[in-house]
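My notes follow in the order I made them.

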Amino acid sequence: MRLRPTMQSDLDFVLSLEQDTDNLPFITPWERTQHEAAIRFPDFRHFIVEGGTGLDAVGFVILIGCRSPHQSIELKRMVIQSKGAGFGRAALRVAKKMAFDDLGAHRFWLDVKERNQRAQALYLSEGYVLEGRLRDAVRIQGGYDSLIVLSMLLSEFQARRDQALELLP
C-alpha cells in the first residue's frame with residue numbers, strides 16, 4: 001500500500017469514487033475544479049491510494065493545512081473503493097506518518113459525519129480522540145447531520161509508535 005500524488009489523469013477515478021452510491025451519503029463531493037486546485041495548491045496534498053499486489057488505485061486522500069504555522073493538518077477526505085479490505089486503515093497510517101514525520105504536524109485532525117459509524121470506529125481504533133460534535137453542521141437529503149471532530153497529537157502518535165501500533169497492516 002502506498003500514497004502517490006494525484007495527477008490530472010486520476011481525476012475521473014476520484015470523481016467516480018465521490019459519486020459512488022456507497023460513498024455519497026458520507027462525504028460532500030467536490031467539483032473537478034476543486035480537486036484540480038487541491039493538486040496544485042501547496043497547502044494541500046492530494047494522493048491516490050494504491051494497494052494490492054498490483055498497486056492498483058483503490059482510493060484517494062486529501063490533506064489540508066500542510067503549511068499551517070499552527071502545525072495543525074486536517075485529513076480533509078479519505079475515500080476507499082473496496083471496503084473491508086484493510087486499505088482504509090493502511091492509508092490512514094501512512095497519512096498519519098506523513099503528517100507527523102514529513103509535514104511536521106503537532107495535531108492531525110478530521111471531521112466525520114455522525115452517520116458514518118464505520119469511519120468513526122476506524123478513527124477511534126487508530127488512536128484519534130473525540131473533541132466534540134458540531135450539531136447539524138451539514139445539510140443532507142432530508143435534513144441535517146452533525147460532524148464529529150477527532151484529532152491526534154504528535155505525543156499520542158509517538159506513544160502509539162512506541163507500542164508498535166502504527167505498523168502497516
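This is a predicted model: local features need pLDDT of at least 70, side-chain atom pairs count only at pLDDT 80 or more; totals for chains, interfaces and linings use all residues.

Residues are numbered from 1 along each chain as its sequence is written, and side-chain values use heavy atoms, with hydrogens and water left out.

**Entry 1: Ser68**

I looked up Ser68 and found it in the loop between strand E3 (56-64) and strand E4 (72-80). Helices (H or I, at least four residues) and strands (E, at least two) are DSSP runs, numbered from the N terminus. Is Ser68 buried or exposed? Ser68 counts as buried because its relative accessibility is 19%. I then checked its side chain: a polar atom there lies 3.0 Å from the backbone nitrogen of His70. I use polar contact for a pair of N or O atoms within 3.5 Å; within protein, one must be able to donate a hydrogen and the other to accept it, and residues adjacent in sequence count only if both atoms are side-chain atoms.

**Entry 2: Ile80**

Ile80 is in strand E4. I recorded Ile80 as buried because its relative accessibility is 9%. Leaving out residues up to four places away in sequence, I listed what Ile80 touches: Asn23, Val49, Val58, Gly59, Phe87, Gly88 and Ala91. Contact here means heavy atoms within 4.5 Å. I also took the C-alpha separation of Ile80 and Met7, which is 17 Å for 73 residues along the chain.

**Entry 3: the largest pocket**

How much space lies in the largest pocket? The figure is about 810 Å³. Of the 32 residues that line this pocket, Met78, Val112, Asn116, Ala119 and Tyr123 are the closest to its centre. For the method, I worked on a 1 Å grid over the protein atoms alone: a cavity is a set of points where a 1.4 Å probe fits but cannot get out, a pocket is an open set with protein on both sides within 12 Å along at least five of seven lines, and lining residues have an atom within 4 Å of a point. Grid points are joined across faces, edges and corners, and a volume is the space filled by probe spheres set on the points.

I sorted the lining by element: E4, helix H3 (87-102), strand E5 (107-113) and helix H4 (117-125) each supply at least two residues. E4 has the largest share, seven residues. By type, the lining divides into 16 nonpolar, seven polar and nine charged residues.

**Entry 4: the nonpolar cores**

A nonpolar core is a set of buried Ala, Val, Leu, Ile, Met, Phe, Trp, Tyr and Cys residues joined through side-chain atoms within 4.5 Å. The largest one has 31 residues, and Val61, Leu63, Leu75, Met78, Phe108 and Tyr123 have the most contacts inside it. Strand E2 (44-51), E3, E4, H3, E5, H4 and strand E7 (143-153) give two or more residues to this core. H3 gives the most, with eight residues. I also noted a second, separate core of twelve residues, which includes Val14, Ile27, Phe60 and Ile62.

Apart from its neighbours within four places in sequence, Leu75 is in contact with Val61, Ile62, Leu63, Leu92, Phe108, Trp109, Leu110 and Tyr123.

**Entry 5: Lys96**

Lys96 lies in helix H3. I recorded Lys96 as buried because its relative accessible area is 0%.

**Entry 6: positive phi**

Most residues other than glycine have a negative phi. Against that I noted Asp136, in strand E6 (residues 129-140), which has a positive phi of about 45 degrees and is not a glycine. I also noted Ala164, with phi near 60 degrees, in the segment after helix H5 (154-162). Ala164 is partly exposed, with a relative accessible area of 45%.

Ala137 is found in strand E6 and is partly exposed, at 41% relative accessible area. Not counting residues up to four places away in sequence, Ala137 touches Asp145, Ser146 and Leu147.

Asp162, in helix H5, counts as exposed because its relative accessibility is 69%.

Note on methods: Buried means under 20% relative accessible area, exposed over 50%, partly exposed in between (1.4 Å probe, protein chains only). Ala, Val, Leu, Ile, Met, Phe, Trp, Tyr, Cys and Pro count as nonpolar, Asp, Glu, Lys and Arg as charged, and the others, Gly among them, as polar.
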